[in-house]
Number of protein chains: 2
Amino acid sequence: MPTEFEFIQNLKQKYGLRHVGDDCAVLPKDASTEQVVTADMLVENVDFRLGWTTPESLGHKALAVSLSDVAAMGAEPKWAMVSIAAPESLWKAGFVERFYEGWFELAHKYGVDLVGGDVSGTPDGLVIDSIVGGEVPRGKAVLRSGARPGDSIYVSGSLGGAAGGLALLERGVDVSGNNALIIEKQLKPRPQVELGKLLQQLQIATSIIDISDGLSSDLAHICESSGVGARIYAERLPINKDLQTFFSNNEAFLMALNGGEDFELIFTSREKNILLPESVQITRIGEVTANVGNIELIDGEKSTILVPKGYRHF
Amino acid sequence: MPTEFEFIQNLKQKYGLRHVGDDCAVLPKDASTEQVVTADMLVENVDFRLGWTTPESLGHKALAVSLSDVAAMGAEPKWAMVSIAAPESLWKAGFVERFYEGWFELAHKYGVDLVGGDVSGTPDGLVIDSIVGGEVPRGKAVLRSGARPGDSIYVSGSLGGAAGGLALLERGVDVSGNNALIIEKQLKPRPQVELGKLLQQLQIATSIIDISDGLSSDLAHICESSGVGARIYAERLPINKDLQTFFSNNEAFLMALNGGEDFELIFTSREKNILLPESVQITRIGEVTANVGNIELIDGEKSTILVPKGYRHF
C-alpha cells in the first residue's frame, strides 16, 4: 500500500496536477493578489481521540492545522469552511456546538470568516474537514521549492512538545497542572501565522514548510521539492524544555527530530543573521547542501544520514 | 436534536455569519469577478452504500453534488479539492484510485482543476468531503433570496428519478438493463452546470436553488430566503417517465414532489415564456405568491398547503 505522500505523487503524475504538492494550492485572484487554499481532514482515532481532547480544543486544532498551511505559504488567512460528520451521541451531547466555540475563538484571533461547509450525521466516528483560504501578494507565495545550497535552515519556536504531549496522553498521565503545558502543545497547537506573513513581507525566506509530520520528514519535503540536501546540527535543535521533566535526553531529542504536529515553521534563507521581533523565536539549525536528497545530522564529531521517520502512513 | 437546517441557522445567528445560507458562499475576487465556494460531505451508510455504487460512480457523484451548488449560483466551476478518509481495505482494493477516475472524468468535462485536498486512513467507514470553487461576474450570482410574488417557478429536467433509483436499490433490484437508467439518476447525477451559467448570462432568473433535499423542501428554502410563498400545479410536475415501470402514479408523484438528489435546478423568473437551447429542458410548474412561507399544491380542484417532506435530518 502506498504512503500518503506516494499516493499523492501518483495522482499528481497521472492527472498532471499543477497546483498540488505544497502546503497550499496557489490560485490566481486579481492583478496584485493570489489566493491560497488548503484542506485538512481530522479522523477520530487516527488524528485525535475523544477521551483526550475537549470539544473546544478539537475545534481549535481543526482550524489551527489549516492556518499553519496558510502560514507556510507566507499568506494571510481570510475565510474558512468546516465539514463535520458526527455521530448522534455527539450531536445530542452538545459536542458540536462546543467544537465551534473553540473554532471561532481561534478564527476571531486572525479575522477568519466562516463562509460555508457541511454538517452530517454518521453511524461511525467523528470526521472533520477543515478548509482555509488566504491571500498573498502575487508571485510572493513562499514555496517548498526555493531552497538553494548555502542557505541557512531555521525553525521557529521549540520542537518535540506535541510528540511529548501525545506520549503523555498515551500513558494516561493526568492532564492538569504542569503536565497541561506540554499536553496543550498536542491538543491546542499555535499556528505561526504572524511569522509566515512576516517572512513573506521581509522577502527573506527561500522556502517554508510547516512541521506537521516531523522535522526530519518535513525538511525532507523541502529537499525533495528544491532538489537539494541539508545538514543540521543536533546541539542546535530547540528542544522543548518541558520534555526533560518526563523523558530522557535521548527521547526528547528524537521527539524534536521526528515528532509531528508541532506546527512550527521550517524555513530556509540566504541570511545568516535574521532579526525578528522579540515575540518570534527562531533558531538556525543548519544549512542547505548540494548533497541532493540527503539530510546529514551532525552530532559532535559524528555525522549520520537521516532516514525520515515522521511520515504518516495510512 | 436540531435538524441540519436549524443547526446552521443557529450557527449563523450566534456568530453573525454573513456568507452562509445559499448554495455557495460568494466572496470577492477581483474588480469584475466574484468567487463562489462550497463543500459537501458524503458519509458511508448515510449518503451512499458501498454495495450499491461503483467507486467510479461515487467519485462522479462526490464532484457532481458540489458542481450542482455552483450551478445553483449561476457560476462557472474552476477548481476543486477532495478530502477522503478511507479504511485500509478500500485503499488495498484500489477503490480510491477508481474513485478518482470517476471524479476526473466529470472534472474534465467542465475543465475543473484538482488543486488540493487530503487523504487519510480511518478505522471506520468511508467519508468524502468535496470542495469546489467557481467564478461569476461581480454582483451577478443568483441567490435564493430574489424571488418576488408573480414570478414564475421553473424546474429543469425531470423529477423523482433519483428517489426512484434509491427505492430500487433498497429493494435489491438488479442494476442492469432498463433498470440501470433510473438507478443512474441516483448514482451518477448530472449537475446542471450549463443551465446555471446560461440563466445567469441571460439575467432571467430571480432566484435559483438545486434540488438536493427534494422539490418541496428546496422550494421552501427559496420561499424562506425570499420572504414569499409559492403555488405549484400537480399536473405540471415533470415526473421522470421511467418511474411508471416500477411505481404507482401516486408513488411517482410523491417521489417527484419530495424525493431528494435529482440535482435539477429550481428557478424563478419574471418571464412567462423562456426560450432556451433544445438541449435544455425546463418546465414552468407554478408561480411565486405573497402567501409568505406557504407552498400551495393545486391538484385539479383541490388546493393543499405542502408540508416540506424532504429535509434531511441528522
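# A walk through a predicted two-chain model

Phe7(B) counts as partly exposed, because 17 other C-beta atoms lie within 10 Å; on this scale a residue is buried if 20 or more other C-beta atoms lie within 10 Å of its own, exposed if 12 or fewer, and partly exposed in between, with C-beta atoms placed from the backbone. The model is predicted, and local features need pLDDT of at least 70 while side-chain atom pairs count only at pLDDT 80 or more, although totals for chains, interfaces and linings use all residues. Residues are numbered from 1 along each chain as its sequence is written, and chains are lettered from A and ligands numbered from 1 in the order in which they are written.

Phe7(B) has its place in helix 1 of chain B, residues 4-15, where helices (H or I, at least four residues) and strands (E, at least two) are DSSP runs, numbered from the N terminus. Leaving aside residues up to four places away in sequence, Phe7(B) touches Val119(A) and Pro2(B), a contact being a pair of residues whose C-beta atoms, placed from the backbone, lie within 7 Å.

The meeting of the two chains can be described from the side of chain A. In total, 47 residues of chain A are in contact with 47 residues of chain B. The elements that give two or more residues to this side of chain A include helix 1 (4-15), strand 2 (33-43), helix 4 (95-109) and strand 5 (127-137) of chain A, and strand 4 of chain A gives the most, with 9 residues. By class, the residues on the side of chain A that touches chain B divide into 27 nonpolar, 10 polar and 10 charged; here Ala, Val, Leu, Ile, Met, Phe, Trp, Tyr, Cys and Pro count as nonpolar, Asp, Glu, Lys and Arg as charged, and the others, Gly among them, as polar.

Taken as a whole, chain A has 9 helices and 12 strands, and its C-alpha trace spans about 60 × 55 × 45 Å along its principal axes. With 314 residues, a compact globule would have a radius of gyration near 20 Å, and the 19 Å of chain A agrees with this; the radius is taken over C-alpha atoms, and the globule rule is 2.2 Å times the number of residues to the power 0.38. Buried residues make up 54% of the 314 residues in chain A, and among the contacts in chain A with a separation of 6 or more, 83% join residues 24 or more positions apart.

Chain A is assigned domain 1 (4-137) and domain 2 (152-305), with bounds that come from an automatic or database domain assignment. The centres of these two domains of chain A, taken over C-alpha atoms, are separated by 22 Å, and 18 residues of domain 1 of chain A are in contact with 19 residues of domain 2 of chain A. On the domain 1 side, helix 2 (55-71) and strand 3 of chain A are the elements that give two or more residues, with helix 2 of chain A giving the most, 9 residues.

In chain A, 5 strands form an open sheet with mixed pairing, in the order 1-2-5-3-4, where two strands pair if DSSP finds at least two bridges between them. Strand 1 and strand 4 of chain A stand at the edges with a single partner strand each, so one side of each is left without a neighbour in the sheet. Further in, strand 3 and strand 5 of chain A pair in the antiparallel sense over 9 bridges, and Ser83(A) has Asp129(A) in strand 5 of chain A as its bridge partner.

After helix 5 of chain B comes Gly172(B), whose phi is positive, near 75°.

His60(B), which lies in helix 2 (residues 55-71) of chain B, counts as buried because it has 27 C-beta neighbours inside 10 Å. Beyond residues up to four places away in sequence, His60(B) touches Gly102(B), Trp103(B), Glu105(B), Leu106(B) and Lys188(B).
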